[in-house]
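This report was prepared for a reader who wishes to relate a sequence to its fold. The sequence and structure are shown first, and the description comes after them.

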Amino acid sequence: MDLTPSVLNLDWTEVEKRIEHFIKDYVEKSGARGIVLGLSGGVDSCTVAALSAKAVGGSKVLGLQLPEKEVFAAVDAKHSSLIAKKFKFKTIRIDITPTLQAFYSSIPIFDKSEKLCKGNLKARTRMVYIYYYANNRNMLVCGSSDKSETMMGYFTKWGDVAADISPIMDLYKTQVRMLAQHLKIPKEIARKPSTPALWPNQLAEKELGIKYEQLDLILYGLEHFMKTDEIAKQLKISKKRVDDVKRRWHSTEHKRQMLLTAKLGYRTVGKDFRLPFTAV
Amino acid sequence: MEKEFKVALAQIECKRGDKNSNIDKIEEKVTEAKKRGAKLVIFPEMSLTGYVVRDEIYELAENIPGPSTKTLERIAQRTKTHVVFGMPELSGKTRATVFNSSVLVGPKGFIGKYRKMYLPTHSVFEEKRYFRPGYQSAVLDTELGKIGLIICYDIFFPEVSRLTRLEGAQLIVCISASPAVRRTFFETLTTARAIENTAFVAYVNLVGFEDGLQFWGGSRLIGPSGKILAKARYDEEDMVLGTVDYDEIRPVETFVPTLRDLRPELFDKLRETSEKL
């Protein structure tokens, strides 16, 4: 297999059709009234919002903008509004700063220097707001996680990844950017550097230590059972770099699977209770 | 025996676990197909129950013949058609041994069944976890000639189709539950099986989503030269009719005489070699 950027190129008309069909089918079968999603203004959430609006109609989609003062970026707010207008869905903006402040002051061991703990608290707080709206309005939560960050475990457990369906989770970040362009999402959004917005100046590629163009090809190779030395040779990079990606992928599996428990019973939740995802 | 007749390829979306609802849909489609002149109506793999039913299979599986096949027999008798459909079959000798089966009923009742031999257990498929494989090919004598039954992944193994052809089948019916990412495989292999066996191949696939798997439809009737005689839409419920005319086989069989040129001694070699893989 030749690991060139072209392997990531798909028939985007077909991909769009399949994802929209998937969303529509799931919403209809679940009996939900529509979709609610966290709208950060980044390429992932804007793409999922656009697909959702095209799938079920903008009137059934609600984008929640959940800014907070520490990481507020006017450009993200502008991009969220732009997408909402273009794909004709509603948004609600709620400043979550007071809620976060309440958490900070009420957690006895809160330490503002612990960046990760604080950042995860933000992601989980956003999740709480999104699910409140979902419950209140009988809507489904549509997640925006992509395959690159999901495989890398680059997300907050029970935070940004929490959703009822996750329509772009089988597309790498570079593929999401291509799909966004196919959907005519403005280039400044499609090409905007990704950030989880957990602390100021946070950039995904900087934290992951690798460009998505390279990461996605490594992950694509691993997905296709290629050996790390072969991937490294083809991409003309060190084997260590590929091994590091593979190690991170494997070490974060606990974030992607059902909770582990000690096997005691005849059939066990998450292991050998093997039921269809949706009720039969 | 009829030498020329219409076949209806009824690609449906199933309501998982709801046999009554699926039987209602099957009856509706058979009635419609009959009005359009079909003598044989084919439904997808596991069309009685839906494909992704996992542990529910033990609740849903039935003996063949059994209650659901009896209902389908009545539908076939009432409409004077032949019907092929798929279902989980509970062994008559055990309590929880299940086969992935294809059933043929006709105007005179139950005709026969086939138990899938090749059970995919890779990627998203987990059939060996639930099903026991079949061990026999199925070539069933009908008023529409000898019909060979195969199921989905069997088509990746040319010997299954070949066996039905060598046993006299001129029409090979392949029922399927193939997800969209595998479309090109099936589009290629269905044509290949028709050409290499100089036989008609009727392929009928599911449509709809089941746990994130989208079945792509694209059912087709292929003639012995590889020509697509009827083709259903992708991804949506559809029913198309095509004509099987067994007289078309003769000129193809003389032009591409694959059966005349068959080399039985290679099968022994194949067996020896594959055992040592």
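Predicted model: local features only at pLDDT ≥ 70, side-chain atom pairs only at ≥ 80, totals over all residues.

Residues are numbered from 1 along each chain as its sequence is written, and chains are lettered from A and ligands numbered from 1 in the order in which they are written.

## The two chains

Helices (H or I, at least four residues) and strands (E, at least two) are DSSP runs, numbered from the N terminus. Chain A has twelve helices and four strands, and chain B has eight helices and 14 strands. The radius of gyration of chain B is 18 Å, close to the 19 Å given by the globule rule for 277 residues, so chain B is as compact as a globular protein of that length. For chain A, with 280 residues, the value of 19 Å agrees with that of a compact globule, near 19 Å. The radius is taken over C-alpha atoms, and the globule rule is 2.2 Å times the number of residues to the power 0.38.

A residue is buried if 20 or more other C-beta atoms, placed from the backbone, lie within 10 Å of its own, exposed if 12 or fewer, and partly exposed in between.

| Chain | Extent along principal axes | Buried residues |
|---|---|---|
| Chain A | roughly 50 × 50 × 50 Å | 36% of 280 residues |
| Chain B | about 50 × 45 × 35 Å | 49% of 277 residues |

Two residues are in contact if their C-beta atoms, placed from the backbone, lie within 7 Å. Among contacts with a separation of 6 or more, residues 24 or more positions apart account for 72% in chain A and for 69% in chain B.

## The sheet of chain A

Two strands pair if DSSP finds at least two bridges between them. In chain A, four strands form an open, parallel sheet in the order β3-β2-β1-β4. Its edge strands, β3 (90–93) and β4 (139–141) of chain A, each pair on one side only. The twist averages 25 degrees from one strand to the next. Axes are lines fitted to C-alpha atoms, for helices over the stretch in contact, and angles run from 0 to 180 degrees between N-to-C directions.

Strands β1 (residues 34–38) and β2 (residues 61–65) of chain A are joined by four bridges, and A:Leu37 has A:Gly63 in β2(A) as its bridge partner. Helix α3 (residues 74–87) of chain A packs on this sheet, touching β2 and β3 of chain A, with its direction at about 170 degrees to that of β2(A). Helix α5 (residues 115–137) of chain A lies across β1, β2 and β4 of chain A and runs at about 155 degrees to β4(A).

## The sheet of chain B

Chain B contains an open sheet of six strands with mixed pairing, in the order β5-β4-β3-β2-β1-β14. Strands β5 (109–115) and β14 (238–245) of chain B stand at the edges with a single partner strand each, so one side of each has no neighbour in the sheet. The twist averages 25 degrees from one strand to the next. Eight bridges pair β3 (residues 82–90) of chain B with β4 (residues 98–106) of chain B in the antiparallel sense; B:Val83 has B:Val105 as its bridge partner in β4(B). Helix α1 (residues 19–35) of chain B packs on the sheet and touches β1 (4–11), β2 (38–42), β3 and β14 of chain B.

Strands β6(B) and β7(B) form a hairpin with two residues between them.

A nonpolar core is a set of buried Ala, Val, Leu, Ile, Met, Phe, Trp, Tyr and Cys residues joined through C-beta atoms within 7 Å. The largest core has 80 residues, and B:Val173 is one of those that touch the most other members. Leaving aside neighbours within four places in sequence, B:Val173 is in contact with residues including B:Ile42, B:Val84 and B:Leu149. A second, separate core of 60 residues includes A:Leu64 and A:Tyr154.

Between the chains, twelve residues of chain B are in contact with ten residues of chain A. The chain B side divides into four nonpolar, two polar and six charged residues. In this classification Ala, Val, Leu, Ile, Met, Phe, Trp, Tyr, Cys and Pro count as nonpolar, Asp, Glu, Lys and Arg as charged, and the others, Gly among them, as polar.
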